[in-house]
Amino acid sequence: MAKYFDVHPENPQRRTITNVAESIRSGSLVAYPTDSCYALGCQLGSRDGISRIRAIRNLDDRHHFTLMCQNFAQLGQFVQIDNDVFRAIKAATPGQYTFILPATKEVPRQLLHPKKKTVGVRIPDHAVVQALLEELGEPLLSSTLLLPDEEEPMTQGWEIKERLDHEVDVVVDSGDCGTEPTTVIDFSSGELEIVRRGAGDPSRFE
């Protein structure tokens with residue numbers, strides 16, 4: 001049965017954030033709000049967390065997981081960025097974008113795309129996630145909470161608690177955060193490619 005935390009969307013309670021971070025460090029799988037819909041998250045090196053996310057979402061090994069990062073300095077530890085890409089990403093963060101880039105050796109191998117050796121990264125513009133990332137001190141391994149055969153991600157914490165009560169360990173609810181996933185930009189081949197048009201305005205990359 002999942003623990004349920006009701007968190008203020010703009011001024012998240014410190015004690016609650018600390019409890020959620022401790023749960024993640026101990027191996028819990030968490031459903032949490034972002035600036036572009038709910039996501040599933042676990043500790044960076046958690047093999048169990050990764051396999052549970054794959055099972056819930058019915059994902060294959062070609063799926064790009066996302067490292068949810070607190071800031072640009074943290075993001076830069078996990079992906080390789082040249083100067084032009086640096087400027088483009090810096091101008092669009094924090095925000096509703098996910099960027100696919102070549103991974104550094106800091107990224108666990110099981111997170112990498114099997115052929116490209118790439119990973120998704122993003123810096124969210126959401127007070128609850130930022131507080132959680134600050135408390136964790138490292139990225140949160142994440143994937144959009146989109147269930148198989150459904151067209152839109154889940155948006156209500158109470159509904160997530162009802163439907164995934166025995167599949168996740170923690171549900172963080174800070175109210176409705178939208179249904180549209182991030183816009184995904186792939187920089188990994190040297191040429192910019194808009195992989196998915198979503199919540200972030202793609203025109204700045206066109």
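Let me begin with a term: a contact means heavy atoms within 4.5 Å of each other.

The structure before you is a predicted model, in which local features need pLDDT of at least 70 and side-chain atom pairs count only at pLDDT 80 or more, while totals for chains, interfaces and linings use all residues. Residues are numbered from 1 along each chain as its sequence is written, and side-chain values use heavy atoms, with hydrogens and water left out.

I turn to the overall form. The protein has six helices and ten strands. Along the principal axes, its C-alpha atoms fill a box of roughly 45 × 35 × 30 Å. The radius of gyration, taken over C-alpha atoms, can be set against a globule rule of 2.2 Å times the number of residues to the power 0.38. For 206 residues, a compact globule would come near 17 Å, and the value of 16 Å for the protein agrees. Among contacts with a separation of 6 or more, 67% join residues 24 or more positions apart.

How much of the protein is buried? I use buried for under 20% relative accessible area, exposed for over 50%, and partly exposed for what lies in between, with a 1.4 Å probe and protein chains only. Buried residues make up 53% of the 206 residues.

Next, helix H2. Its buried residues are Gly49, Ile50, Arg52, Ile53, Arg54, Ile56 and Arg57. As background, an α-helix has 3.6 residues a turn, so residues three or four places apart point the same way. The buried residues of H2 pack against strand E3 (37–43) and strand E7 (140–144). After the helix comes Asn58, with a positive phi near 60°.

Which residues does Ile56 touch? This residue of H2 is buried at a relative accessible area of 7%. Leaving aside residues up to four places away in sequence, Ile56 touches Leu29, Leu40, Leu147, Pro148, Leu164, Glu167 and Val168.

Finally, the charged side chains. A salt bridge here is a side-chain nitrogen of Lys or Arg within 4 Å of a carboxyl oxygen of Asp or Glu. The structure holds ten salt bridges. One of them joins Arg52 and Asp169, at 2.9 Å from N to O. This pair links distant parts of the chain, 117 residues apart: Arg52 lies in helix H2 (residues 47–57), and Asp169 in the loop between helix H6 (157–163) and strand E8 (170–173). Asp169 is partly exposed, at 25% relative accessible area.

Another salt bridge pairs Asp60 with Arg62, also at 2.9 Å from N to O. Here Asp60 is partly exposed at 35% relative accessibility, whereas Arg62 is exposed at 53%.

A further salt bridge connects Lys161 and Asp165, whose closest N and O atoms are 2.8 Å apart. Lys161 counts as buried at 19% relative accessibility, and Asp165 is buried at 12%. Elsewhere, salt bridges that share partners join Asp48, Arg52 and Asp169 into one network.

Terms used:
Helices (H or I, at least four residues) and strands (E, at least two) are DSSP runs, numbered from the N terminus.
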